[in-house]
Amino acid sequence: MVDSPHIVEDITFEGPDGDPVEAWLVRPARLVRTGTPPVSPGPGILAWHWLEPKAPDGNRTQFLEEAGEWAALGITSLLPQGRFPWHQAPTGAVADRAGVRAEVGRLRAGLDRLATEPGVDPSRLGVVGHDFGGMLAAVAAADDDRLRALVIIAATPRWGDWFLPFWPIPDDRIDYLRTLRPLDPIECINRVRSPEILLQFGRRDFYIAEMSGREFQRAAPDGASGLMYDTGHDMRLPEIRADRVAFLARVLNPDDMSG
């Protein structure tokens, strides 16, 4: 639609294992209409979705509407489809450790794809993730110099917090936690070099206690912001999204390309 501030494309990119990753690519309409990149490239955001089989947005569509708001600010975004644990169930420590690493690799491959998109400044990238997407975002963001912003939404600090209670894991609990610990988001977030980090949690989250959110924030680098909202795990309050969009607009400082 000509008057739309953004254009949505259904694409695939190659993951580190050679398998294609389905994703939505959302670009400011001006980029598409003119066919040439702007003189000053804009920011890029990769958004990784949550896991909720009963929700219509428990897949790569979760941030699709919000990506339209980002595009109106001049931001290009990539919204990939998750695989583990969305379509591959946790089964044990060794397999799950490999599954997390593979999924982090797919997220980083998405960042590589986004960084090469015409009109994107590879030094002005951000990552947004909810639930498992937020956990993976924290791990993938560690030691990545390109990121300027990281937003983690309702993510638990440790993989075992989710996998052990909700999947039939046969391993000894202590051994399982020890094996996954180097990849736990709470162990990785202190290595995130992004100067701006926002963590968003719900006080009425059935799955993540408020103290777990506070613990996660304390593990983050100095200056990370933590916001608590009167809501549950779905984090659907309009103010949550508004705070996130405002944070990304401020940190990434995109040029207004919506006209």
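Visitor: Is F132 buried or exposed?
Guide: This is a predicted model, in which local features need pLDDT of at least 70, side-chain atom pairs count only at pLDDT 80 or more, and totals for chains, interfaces and linings use all residues. Residues are numbered from 1 along each chain as its sequence is written, and side-chain values use heavy atoms, with hydrogens and water left out. Buried means under 20% relative accessible area, exposed over 50%, and partly exposed in between, computed with a 1.4 Å probe and protein chains only. Because its relative accessibility is 2%, F132 counts as buried.

Visitor: How many aromatic pairs does a search of the whole structure find?
Guide: Rings of Phe, Tyr and Trp (its six-membered ring) pair if their centres lie within 6.5 Å, and planes under 30 degrees apart count as stacked, over 60 as edge-to-face and the rest as tilted. By this rule, the search of the whole structure gives 14.

Visitor: What is the angle between the planes of F132 and F163?
Guide: These two residues form a stacked aromatic pair, with 5.7 Å from centre to centre and planes 20° apart. The pair links distant parts of the chain, since F132 is in helix α4 and F163 in helix α5, where helices (H or I, at least four residues) are DSSP runs numbered from the N terminus. The angle asked for is 20°.

Visitor: Is F163 buried or exposed?
Guide: At 0% relative accessibility, F163 counts as buried.

Definitions and conventions: Helices (H or I, at least four residues) and strands (E, at least two) are DSSP runs, numbered from the N terminus.
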